[in-house]
Amino acid sequence: MQITAKGQPVIYYGEEIGLTVANDYPRQSNRYDYDWTKADDSNGTYVHYKKMLEIRKNYSAVFARGDRKVVMASNDSGYDVISRSYDNTTLYVGMNIRDAEQTLEIPVKSSGITAYTDVYSGQEYTIAQDKVQVKIPAASKGGTVVLVPSGFSDGLIAPRIVNLAKGKTTSLPSKLTLSKSDGTKTLVDVTYSVQGAPDGVSMDAAGVKITVSEAFQGTQLELEASSSEARVRFAVKVVEDNNKITLRLHYGRKANPNEDLNV
């Protein structure tokens, strides 16, 4: 867990080969001499540390600086899945402390992504309904998966617009990400159109501002964003504008507020 945590991981002397301390409390002896015969690929603990440190090195910016969120966890079942995100890259780390393999359906980012690969085992998982079904090995077998995006789709990635308010004009993103199957992403200029020509909804001449009048009767709009290479359709909720601000000012002044200013 520490190797996937933010900041700089610390490995205490001998930890990577499973070296332990003498059970002689209260003396608390230091660790034994380092056993170099255990520092090879026949030692599962040593192999685990090698793999995790290599993964840490390859994604050092994400692990050292990225945000950390719990995706799913269970104390009873003994697993924890977290996401680490930095600079438009999101990885998923699954940890299993039980001595049996566990199969989980992990919700993942799927915009422009079709598959994730567990760089710990090399197994690739295809996204289905915004989830991947992953097998996390038993703790004795490493108990770890680290999922990175490995399959990508061609096309525009739809913008994340929470909602549109009635009686308001909203500026839509003028640029969207164009994803390629080789994993490259570029920002491209886009314009928008409203599907179905509903009453009470209009776009400006530039195709980047949408106005939803109070007369609009629906609760959702379908929009289409278009670039010179691709287009994407997406739905947006329409809500009543209930953002009302009441400002009350209370002030007082002395009979002669300028007395101390020699005015």
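Two strands are taken to pair if DSSP finds at least two bridges between them. On this basis, the predicted model contains an open sheet of three strands, in the order β11-β16-β15. The pairing in this sheet is antiparallel. Strands β11 (168-171) and β15 (201-203) stand at the edges. Each has a single partner strand, so one side of each is left without a neighbour in the sheet. Neighbouring strands of this sheet are turned by 20° against each other on average, with direction ignored.

The contact between β11 and β16 was examined at the level of bridges. Strand β16 covers residues 209-212 and pairs with β11 over four bridges, in the antiparallel sense. Within this pairing, Thr170 has Ile210 of β16 as its bridge partner.

A further antiparallel pairing joins β12 (residues 175-179) to β13 (residues 185-189). Five bridges link these two strands. Thr177 stands opposite Leu187, a residue of β13. The two strands, β12 and β13, form a hairpin with five residues between them. In the turn, Gly183 has a positive phi of about 95°.

Attention then turned to Ser226. This residue is found in strand β17, which spans residues 220-226. The relative accessibility of Ser226 is 18%. Buried means under 20%, so Ser226 counts as buried. With residues up to four places away in sequence not counted, Ser226 touches Leu156, Asp189, Val190, Thr191 and Arg231. Among these contacts, Asp189 belongs to β13, the strand of residues 185-189 that pairs with β12.

Note on methods:
Residues numbered from 1 in each chain as written. Predicted model: local features only at pLDDT ≥ 70, side-chain atom pairs only at ≥ 80, totals over all residues. Heavy atoms only, no water. Buried < 20%, exposed > 50% of the residue type's maximum accessible area, 1.4 Å probe, protein only. Contact = heavy atoms within 4.5 Å. Axes fitted to C-alpha atoms, helices over the stretch in contact; angles between N-to-C directions.
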